[in-house]
Amino acid sequence: MRTALGDRPDPAPVSRDYRLAGQGSASLPAGAAPGTAVQVLIDRLLDYHALVRRLPAATAASSAGPSGLATGGSAEPPSVAGAVAAALAERGVRRLVRPAGLPASWLAELAQLAELPEGVELLDDDPPLSVRDLDAADGVITGCVLAIAETGTIVLDGGPGQGRRALTLIPDYHLVVVREDQIVASVADAIAHLDGAGATRPLTWISGPSATSDIELNRVEGVHGPRTLEVIIVHAAAGQEFGG
């Protein structure tokens, strides 16, 4: 092959004018105001038909609805555990998969759910749950390693509080907690972060609920993963017990 191509001209130089890490994105120019990335992420998630709850840092509502808009008033910082309990109650979750390393405080208010008199059964993936057990569960709760605002993508790397890939592919409902300081502007920023962290585990990139439009462009959700993705976005202090 080298001999046959020996008299060919050198290939034209490849343009490298795409955005790199730290240069922002189409919707988030470098130096954008604090909080802009959070709102872009919320907009993308809602556009994907995901559910979103945002917990402000303080002097804000004690709970937030699926639209991401807070309701009620309180001077106290909102509770991650309260938002998790509210989300599970609204879904009627009875059997919840819990990966190893998930902060216990996130599930601290499950016992107080009046809407679930029978309580929530927590399924630990140790020893690994079977496919049948995962399919029978109502949902799974995880953290993440980061989220990409520009694409509305949640990235899991199998670290503490995330579990193996099957946990988030088989149950019909995935509830994920994202800290605001885990949100990056672009895919380039995400790759730089993951590469800098020396990640060697398989990555799962989630952009909205599982969906396909392969057949006549009709959107069908829940084909090869959860039908419902719900994201709780919290300020860094509220989730500081869980590193990512």
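In the predicted model, strands β6 and β9 (residues 173-179) are paired in the parallel sense through three bridges. Within this pairing, Val-140 stands opposite His-174 of β9. Strand β6 (residues 139-142) is also joined to β4 (residues 95-98), again in parallel, by two bridges. Here Leu-96 is the residue opposite Gly-139 of β6. Strand β6 is covered on both faces: Gly-139 and Ile-141 are buried on one side, and Val-140 and Thr-142 are buried on the other.

Helix α2 packs against several strands, including β4, β6 and β9. The helix comprises 12 residues, 80-91, and spans 17 Å from its first C-alpha to its last, close to the 16 Å expected at 1.5 Å a residue. Its buried residues are Val-80, Ala-81, Ala-83, Val-84, Ala-85, Ala-87, Leu-88 and Ala-89. Besides the three strands already named, the buried residues of α2 pack against β1 (51-55) and β14 (228-234). The N-terminal end of α2 is capped by Ser-79, with a side-chain oxygen 3.2 Å from the backbone nitrogen of Ala-81. Just after the helix, Gly-92 adopts a positive phi of about 70 degrees.

A separate set of strands forms an open sheet of four members with mixed pairing, in the order β10-β7-β8-β11. Strands β10 (183-184) and β11 (204-206) are at the edges and have a single partner strand each, so one side of each is left without a neighbour in the sheet. The pairing between β7 (residues 146-148) and β10 is parallel and consists of two bridges. In that pairing, Ile-148 has Val-184 of β10 as its bridge partner.

The largest nonpolar core contains 21 residues, and those with the most contacts inside it are Leu-41, Ile-154, Val-176, Val-178, Ile-183, Val-231 and Ile-233. Two or more residues of this core come from each of α1, β8 (153-156), β9 and β14. The greatest contribution is that of α1, which supplies five residues. Val-231 illustrates the packing: beyond residues up to four places away in sequence, Val-231 touches Leu-45, Leu-51, Val-52, Arg-53, Ile-154, Val-176 and Val-178. Another core, of 20 residues, lies apart from the largest one and has Val-120, Ile-141, Leu-175 and Ile-232 among its members.

Two residues of the loop between β8 and β9 were examined in detail. Gln-162 belongs to this loop and counts as buried, at 3% relative accessibility. The side chain of Gln-162 has a polar atom 2.7 Å from the backbone nitrogen of Asp-157. A polar atom of the Gln-162 side chain also lies 3.5 Å from the backbone nitrogen of Gly-158. With neighbours within four places in sequence set aside, Gln-162 is in contact with Pro-99, Ala-100, Thr-142, Gly-143, Cys-144, Val-145, Val-155, Leu-156, Asp-157 and Leu-167. One of these, Thr-142, is among the buried residues of β6.

Asp-157 is located in the loop between β8 and β9 and is buried, with a relative accessible area of 8%. Asp-157 and Leu-203 are separated by 46 residues in sequence, yet their C-alpha atoms are 4.7 Å apart.

Backbone geometry was also considered in two other loops. The peptide bond from Asp-126 to Pro-127 is cis, with omega near 0 degrees. Pro-127 is part of the loop between β5 (121-124) and α3 (131-136). His-49, which is not a glycine, has a positive phi of about 75 degrees. This residue, His-49, is in the loop that connects α1 (36-47) and β1. The relative accessible area of His-49 is 46%, and the residue is therefore partly exposed.

Notes
Residues are numbered from 1 along each chain as its sequence is written. This is a predicted model: local features need pLDDT of at least 70, side-chain atom pairs count only at pLDDT 80 or more; totals for chains, interfaces and linings use all residues. Side-chain values use heavy atoms; hydrogens and water are left out. Two strands pair if DSSP finds at least two bridges between them. Buried means under 20% relative accessible area, exposed over 50%, partly exposed in between (1.4 Å probe, protein chains only). The expected span of a helix is 1.5 Å times one less than its number of residues. Contact means heavy atoms within 4.5 Å. A polar contact is a pair of N or O atoms within 3.5 Å; within protein, one must be able to donate a hydrogen and the other to accept it, and residues adjacent in sequence count only if both atoms are side-chain atoms. A nonpolar core is a set of buried Ala, Val, Leu, Ile, Met, Phe, Trp, Tyr and Cys residues joined through side-chain atoms within 4.5 Å.
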